[in-house]
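Dear colleague,

I am passing on the structure we spoke about, and below it you will find my notes on what turned up. Please read them with the model open beside you.

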Amino acid sequence: MATTTFEDSKVGDKVYSVAFGWGEVICTDGFEHYPLGVRFQNVVIDTHYFTLDGCYYKDNPIQSLFWDEVHIKAPVKPVVIAATKIVNGVEIPNISYHPKTHHHCNIPAPANPAFYENVRCYNNENIAYMSSLGLCYPNTEKGKAAAILHAKAMLGIT
Amino acid sequence: MSTTTFENAKVGDKVYSPTFGWGKIEYTNKNTRHPIQVRFFHDNYFSGYTLEGYYYIDIPVQSLFWDEVTIEAPTKPKEP
C-alpha cells in the first residue's frame, strides 16, 4: 500500500525536506525517536534526523520530510490592527471606521460642549474624507466615548 | 499590500516553519545572507532565513511562512 511516511524506508532512498531540500537516507536506526538519518546536499549541517512520520520533533508532529517535492501555498502576512491610535499624544481606541450611507456615527466635535456629534452620513464624499481621517466612530457607547476622547485630545484637555 | 515574504517583517512578528513550528522574529539584519532571525518556541531553536523565507540561500524553497500551511504529503514512489 502506498505510504506517505517512512516505516519502509531504506538506506539510499531519496527524500525531500521542506527546509533542507533533497537528501538521501543514510540510516534507519539513528536514535530512539529519530531513527531516520538523512544527508542533505548543499547545507552547512548536512545530516538531520527525523521520526518515521517525517517530523523533525517528535512532540511537534508536523511532517516536513516527504517522498517527493511538495508545493506549499504561502499564506500572506496577516494584517494586524492596533488596538489604539495616538492623537495629539493621547491613546484612543482604534475603532474608527467607514460608515455606510444613511447610517449614524459619532464624530469628534471640539467646538461642541458635548465634544461629539452623532451624525447621519448622507454624503459619500464627506464620509470618505472623514473616515480617511479616522474621525468616524461607531454609533455605540464605545464609539461615543472614543469620539469624545478624540475631541478632547484635539483640544489638549485630556 | 499583502505579502507572503519577509521584506516588511518586524522584530516580534510571529512566523511558522513546517519543520520547526511557530516562532518569533528575534532580530533582523538586512546586511546578512539570512536577515530574518527566528527563535522557535519549540526547543528554543534559533535560525536565520532569507527575506524569501528560505532556510538556506542556496536552496530556493520557501520554508518560513506567516501562518500554518497545509501540505499534501506525496506517497512513496513505487520501486522500479
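From the N terminus on, the elements of chain A run β-β-β-β-β-β-β-β-β-α-α, which gives 9 strands and 2 helices. Please bear in mind that this is a predicted model. Of the 158 residues in chain A, 41% are buried, and the accessible surface of the chain comes to about 9100 Å², with carbon and sulfur atoms contributing 55% of that area. Among the contacts in chain A with a separation of 6 or more, 45% are between residues 24 or more positions apart.

On the cysteines, a search of the whole structure over all chains returns 0 disulfides. Cys121(A) is in no disulfide, because the nearest cysteine sulfur, that of Cys105(A), lies 3.8 Å away, whereas a disulfide requires the two sulfur atoms to be within 2.5 Å. Cys121(A) is buried, since its relative accessibility is 5% and the cut-off for buried is under 20%. Cys55(A) is likewise buried, with a relative accessible area of 7%.

His104(A), which belongs to strand E8 (residues 104–108) of chain A, is partly exposed, with a relative accessible area of 35%. Although His104(A) and Cys121(A) are 17 residues apart in sequence, their C-alpha atoms are 6.1 Å apart in space. Leaving aside residues up to four places away in sequence, His104(A) touches Tyr97(A), Asn118(A), Val119(A), Arg120(A) and Asn139(A); with one of these, Asn118(A), its side chain forms a side-chain polar contact of 2.9 Å.

Note on methods:
Residues numbered from 1 in each chain as written. Chains lettered and ligands numbered in written order. Predicted model: local features only at pLDDT ≥ 70, side-chain atom pairs only at ≥ 80, totals over all residues. Heavy atoms only, no water. Buried < 20%, exposed > 50% of the residue type's maximum accessible area, 1.4 Å probe, protein only. Helix = DSSP H or I, 4+ residues; strand = E, 2+ residues; numbered from the N terminus. Contact = heavy atoms within 4.5 Å. Areas by Shrake-Rupley, 256 points an atom, 1.4 Å probe, with all protein chains shown as cover. Polar contact = N/O pair within 3.5 Å; in protein donor to acceptor, adjacent residues only side chain to side chain.
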